[in-house]
Amino acid sequence: MPATVIVGAQWGDEGKGKIVDLLARDSDLVCRYNGGPNAGHTIVVGGETFKLKHIPSGILQGKECVIGAGCVVDPQVLIEELDDLESRGISTELVRLSGNAHLVMPWHQAIDRGSERRLGRLKIGTTRRGIGPTYADKAYRLGIRIQDLLDEKILRQKIEVALPEKNVWLERVYGAERVEPEGLVERYEGYAERLRPMIADTSLLVDRALTDGKRVLFDGAHGTLLDLDHGTYPFVTSSPTVAGGAAVGTGIGPTRIDRVIGVAKAYVTRVGEGPFPTEIEGADQERLRELGGEFGTVTGRERRCGWLDLVALRYAVRLNGMTSLALTKLDVLSAFSELPVCVRYRLRDGTETEDFPAHQSDFHHCEPVYETLPGWEQPLDSLTDVSELPTAARGYVELIEQRLGVEVCLIGTGRERERVLERVA
Ligand code: IMP
């Protein structure tokens with residue numbers, strides 16, 4: 001597997017960190033290509049829990065890790081993450097940071113908060129980490145990049161250009177407190193001191209690694225339905241989350257990518273606002289949330305829970321050119337005697353479709369059409385081989401494969417690193 005993309009196939013929080021962690025064992029290099037401190041990977045190793053926001057989870061395997069140009073970086077969060085790993089005996093010497101990645105500045109967080117407040121009930125439900133405003137400034141060409149940290153004069157000038165305009169917005173549009181310029185350059189120079197050794201030409205580094213036949217893993221943040229172009233806009237994040245973003249976000253050509261593994265939970269969760277056809281009503285929602293520990297890694301928010309949605313998953317197969325699927329948290333469904341699976345959407349005119357609606361209003365008003373499968377009602381955590389799966393659990397997996405036309409290569413059966421069954425076709 002010279003170049004493999006791991007991509008979330010739903011609305012994020014699919015358990016990608018654990019899958020990346022597993023595949024990183026056989027990789028030489030692990031790269032993040034999008035997003036910032038809005039992402040959170042939780043990995044449990046030997047009873048210890050690691051929560052990573054910026055750094056690819058390959059770091060736990062001692063692999064070289066790239067934070068690519070398509071990422072946005074909050075230097076304070078990154079440094080805290082580096083310190084935390086170091087204090088727990090994990091070396092961060094092999095972290096490489098693209099000079100083209102953009103910095104999340106204090107005004108971005110303030111604007112994110114102000115904007116959500118102003119939107120009121122129309123809010124997006126962002127993580128309030130300043131992600132949208134940072135990407136907006138990048139597109140507006142008012143952003144500040146990691147490489148600007150390397151030159152005090154440039155850094156000062158960029159802050160002096162950006163800040164007065166942002167303060168007008170903060171005070172006049174959002175009625176929020178201004179960001180004071182005093183001490184800001186010095187604070188960022190402090191971050192520069194710490195981050196300087198990791199800043200590298202990561203596009204060149206990844207290209208050389210691939211040319212040398214090294215195995216490179218691309219670790220996508222968030223999920224397909226949060227993609228800025230193809231997700232459930234405006235309830236999306238502000239970066240490309242689909243597999244194609246791996247090429248753009250690390251600076252390699254799309255022809256270098258060999259395979260794309262989608263990661264989906266055996267059910268669905270979503271944080272933040274926006275339509276969610278298979279969201280469960282009633283007590284089962286709460287039950288699934290508790291059993292699955294469905295609370296946000298970054299914000300601690302309760303995740304909304306729903307039954308597996310094969311219409312949305314087929315869309316993810318298409319958007320990502322998915323070559324196989326990793327199914328996580330199958331064990332969480334052990335508690336249910338019946339498992340509804342959404343196989344089609346019924347639209348407002350009564351027609352039914354297996355294809356994800358292209359128009360937002362069709363999606364907002366569609367009704368899920370379920371096929372109900374029998375549950376297996378027994379724990380899966382002691383299984384060591386896929387052949388030991390109960391018949392009903394195997395039926396669940398086979399239905400997914402059959403409807404998606406993609407093989408399920410990995411099955412997650414518990415929180416710990418080793419609780420993954422590998423399935424060879
Ligand atoms: P933002 O990325 O903070 O701007 O938030 C935009 C939307 O994406 C919100 O609905 C967030 O809850 C959602 N979101 C962003 N990152 C993640 C993630 O890693 N997992 C799940 N949802 C996310």
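Which residues are linked in a network of salt bridges? In this predicted model, the network consists of Asp13, Lys265, Glu294, Arg303 and Lys329. Side chains of opposite charge can pair when their charged atoms come close. The count for the structure comes to 30 salt bridges.

Arginine 303 and aspartate 13 meet through their side chains in a salt bridge, at 3.3 Å from N to O. Arginine 303 sits in the loop between helix H9 (283-292) and strand S13 (304-306), and aspartate 13 sits in the loop between strand S1 (3-8) and helix H1 (16-24), so the pair ties together parts that are 290 residues apart in sequence. Arginine 303 is buried, at 6% relative accessible area. Aspartate 13 is partly exposed, at 24%.

Next comes aspartate 28. This residue forms a salt bridge with arginine 215, and their closest N and O atoms are 3.5 Å apart. Aspartate 28 lies in the loop between H1 and strand S2 (29-32), while arginine 215 lies in the loop between helix H7 (202-211) and strand S10 (216-219), so this pair ties together parts 187 residues apart in sequence. Aspartate 28 is partly exposed, with 28% relative accessibility. Arginine 215 is partly exposed too, with 34%.

Now turn to helix H9. Arginine 289 forms a salt bridge with glutamate 302, with 3.4 Å between the closest N and O atoms. Arginine 289 is in helix H9 and glutamate 302 is in the loop between H9 and S13, 13 residues apart. Arginine 289 counts as buried, at 6% relative accessibility. Glutamate 302 is partly exposed, at 48%.

Methods. Residues are numbered from 1 along each chain as its sequence is written. This is a predicted model: local features need pLDDT of at least 70, side-chain atom pairs count only at pLDDT 80 or more; totals for chains, interfaces and linings use all residues. Side-chain values use heavy atoms; hydrogens and water are left out. A salt bridge is a side-chain nitrogen of Lys or Arg within 4 Å of a carboxyl oxygen of Asp or Glu. Helices (H or I, at least four residues) and strands (E, at least two) are DSSP runs, numbered from the N terminus. Buried means under 20% relative accessible area, exposed over 50%, partly exposed in between (1.4 Å probe, protein chains only).
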